[in-house]
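Me: I'd like to learn to read helix packing and a nonpolar core. Can you take me through a case?

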Amino acid sequence: MLAARSAVFRAELLGPMKEKTAARVRIDDMDPKVFRALLHFICTDSLPEMDDGDTAAMAQHLLVAADRYDMERLKLICEGKLCSHLCKSTAATTLALAEQHGCGTLKKACFKFLTYPGNLKAVMASEGFQHLRSSCPSVLEELVAKLVP
């Protein structure tokens, strides 16, 4: 089932990569809760139930996993979840994710969110803004160009 839903898993499990001959495939750089949610999606084509407070964080992690494993439908679902859960504390991190993982719709939603009065100033004071500044400086230039007529 993994190979059917993801070209990356297909290459790892059925291709000439070392995982083909291994009894197990180790995934070290993903939280087990996120991997369970990824497996749930692979098996059911739906996201697992999530607490409202956990939705944005899980969607961020799943978006990264979806991009890593070339699962476009999951990526689009996560993008939609993140668009509807934008807030001042997550907007900078979400914008960085959108840029790093090629999510144009999410990037536009973040830009729109940041143009509302007061949002940009609050986001600039958030923890995620420093990460955005250092990891995606071109996005800030793009944002400034949109804000300055």
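**Reading the helix pairs and the core**

Reply: Start with one result: α4 and α5 are roughly antiparallel to each other. Bear in mind that this is a predicted model.

Me: What describes two packed helices in general?

Reply: Two numbers do it: the angle between their axes and the distance between the axes. Here, helix α4 (residues 55–68) packs on helix α5 (residues 72–84) at an angle of about 155 degrees. Their axes are 8 Å apart. An angle over 145 degrees counts as roughly antiparallel, so α4 and α5 fall in that class.

Me: In which hand does α4 pass α5?

Reply: The crossing is left-handed.

Me: Which residues of α4 and α5 make the contact?

Reply: From α4 come Thr55, Ala56, Ala59, Gln60, Leu62, Leu63, Ala66 and Asp67. From α5 come Leu74, Lys75, Cys78, Glu79, Lys81 and Leu82. Sorted by class, the α4 contact with α5 holds eight nonpolar, two polar and four charged residues.

Me: Now α6 and α7. At what angle do their axes cross?

Reply: At roughly 150 degrees, and the axes come within 8 Å. α6 and α7 are therefore roughly antiparallel to each other. Their crossing is left-handed. On the α6 side, Ala91, Thr94, Leu95, Ala98 and Glu99 make the contact. On the α7 side, the residues are Leu106, Lys107, Cys110, Phe111, Phe113 and Leu114. By class, this contact of α6 with α7 has eight nonpolar, one polar and two charged residues.

Me: Where do nonpolar side chains tend to be in soluble globular proteins?

Reply: They tend to be buried together. In this model, the largest nonpolar core has 42 residues. Leu38, Leu62, Met71, Leu74 and Leu132 have the most contacts inside it.

Me: Which helices each supply at least two residues of this core?

Reply: They are α3 (32–44), α4, α5, α6 (91–100), α7 (104–115), α9 (127–135) and α10 (137–147). The largest share, seven residues, comes from α4.

Me: What does Leu132 touch?

Reply: Leave out residues up to four places away in sequence. Leu132 then touches Ala92, Leu95, Ala96, Pro137, Val139 and Leu140.

Me: One more residue. Is Asn119 buried or exposed?

Reply: Buried, because its relative accessible area is 8% and the cut-off is under 20%. Asn119 is found in helix α8 (residues 119–124). Beyond residues up to four places away in sequence, Asn119 touches Lys88, Phe113 and Leu114.

Notes. Residues numbered from 1 in each chain as written. Predicted model: local features only at pLDDT ≥ 70, side-chain atom pairs only at ≥ 80, totals over all residues. Heavy atoms only, no water. Axes fitted to C-alpha atoms, helices over the stretch in contact; angles between N-to-C directions. Helix = DSSP H or I, 4+ residues; strand = E, 2+ residues; numbered from the N terminus. Parallel < 35°, antiparallel > 145°, perpendicular 65-115°, else oblique. Left-handed = near helix turned anticlockwise from the far one by under 90°. Contact = heavy atoms within 4.5 Å. Nonpolar A, V, L, I, M, F, W, Y, C, P; charged D, E, K, R; others polar. Core = buried A, V, L, I, M, F, W, Y, C linked by side-chain atoms within 4.5 Å. Buried < 20%, exposed > 50% of the residue type's maximum accessible area, 1.4 Å probe, protein only.
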